[in-house]
Amino acid sequence: MNRDMDRLRQAYIDGELSASETAAFEARLTPEEKARLASEMQFEIALADRLREDAGCPEDAWRRTQGRLSQYRAPRRRWGRYALGLGTVAAAASLAFVLASYIPVWDEGPAVIVLEERTIDELAATSMIVADHDSAQGFLREHGFDLELVPVDTLGISRVHFGVQFLGARRATIAGSPVIELLYACCDYPEKVVVAEQGTRAAEVIGRSASGEGEVQATRTVGRYVAGVVGTHRAHGLLDVFSEEPVLTAYAL
Amino acid sequence: MDEFEEKLSKHRHEFFRFILRNVWDSGMAEDVFSSAVLAAYDNRHKYTPGSNFRAWMYRILTNKCFVANRDTNRAFENLDDVNEKYVAVEDSVEYGDLLRDPREFLEHCGDEVFKAFRGLSTGQRTCILLRDVERFSYQEIAEILEMPVGTVMTHLARGRKKLRGDLLEYAREKGLVRSYPRLRPKPGDNDSQGSAMSS
């Protein structure tokens, strides 16, 4: 009985009763009860006004979303390391051109770290391995990087963001030093984690890029290496992919 | 801009607001918003032109918010849970202060209003946002959330009760409320007629 009355009262406050139901309900109310219910309605209206405050879509957020939608609409090809074709060749040529434009000596690698690939497809196509955990582990060891990785689906970022996926890995050169780049997708954005040995010029460049000269969002010292997460989407949690305890994590401003 | 993008643009503020008030992190809100827009684009063939675009879109927004919030374990609550602390909030003497001027009361509570709202479960927040802010009917909310109307009403009732209880507790601590005469007659008072609101 009490529960039914509570529901009736709530439906009345929310305007869910028909005209005849409203009239019948109001006929049973004392003036004091009517005034109380009117105040409860005012509370919900005032609460709604507070929740509307300063919560609209920022213009830059809308522009970025429109940009992603435009990109999403562009014809896509199947991604994967076997989807070779003219587009892959064009992407590789673009990458080579961009890298060449950054460096005085053609094989030294970029002086500022950015993520040249702007789509997940493009990034995945550059992987030198099959996109699985064991292959990644083997690739690191093969190139002398003594690091243990944890599976990406166990990372905290996989619970908070969506579409977090390991796309593969590749070897690259930055400022003449060899680096390994672990490739990821996160929230439909391409991301990479660049790893260099401490004390190398690449490690310096990673650190410099985190201070605003490139797209490195955060860096972390892991054992005798430095890792930086690179991309336009905030994905600092990808640095947790290393099983070693971090020594220091720094974030770009 | 095509028709689909025009519809999104027209409602973008309310869609973003709904997400922001559900996930409470502006960075995450933008990611969830973009993800929802792309999901809507992927599923645009499922939208029937002329039908309720807002309701269709809110179904996508709600799913995205649910996924984003699951890490905080604030999913739809178990309806068997009874939070006795908040059952009798309307019986408290300070409730009169809350109802005397609700807008003024909420202004005095400041940002505590948002903190208290964040303390609700995803289900309670979602139902209150869809009902109070976006003005959907119980039936529309039930269709958006794919649950019975009764369940929607329960989420609303419990969410509102918890919110008011938390704000009253805050107001008591800050000395914002004083004891006011109860609006409801105490048992044993001279009230021969009884009322529609008494048990």
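How many residues does the contact take from chain B and from chain A? The contact takes 64 residues from chain B and 52 residues from chain A, where contact means heavy atoms within 4.5 Å. This is a predicted model, in which local features need pLDDT of at least 70, side-chain atom pairs count only at pLDDT 80 or more, and totals for chains, interfaces and linings use all residues. Residues are numbered from 1 along each chain as its sequence is written, and side-chain values use heavy atoms, with hydrogens and water left out.

**View 1. Area buried between chain B and chain A.** Together the two chains bury about 5,700 Å². Carbon and sulfur atoms carry 56% of it. Buried area is the accessible area (1.4 Å probe) that two parts lose on being put together, summed over both.

**View 2. The salt bridge of Arg164(B) and Glu44(A).** Their closest N and O atoms are 2.4 Å apart. A salt bridge puts a side-chain nitrogen of Lys or Arg within 4 Å of a carboxyl oxygen of Asp or Glu. Between chain B and chain A the count is 8 salt bridges.

**View 3. Helix H2(B) on the side of chain B that touches chain A.** H2(B) gives the largest share, 11 residues. Helices are DSSP runs (H or I, at least four residues), numbered from the N terminus.

**View 4. Cys186(A) and Cys187(A).** The structure holds 0 disulfides over all chains; a disulfide is a pair of cysteine sulfur atoms within 2.5 Å. For Cys186(A), the nearest cysteine sulfur, that of Cys187(A), is 4.2 Å away.

Definitions and conventions
Chains are lettered from A and ligands numbered from 1 in the order in which they are written. Helices (H or I, at least four residues) and strands (E, at least two) are DSSP runs, numbered from the N terminus.
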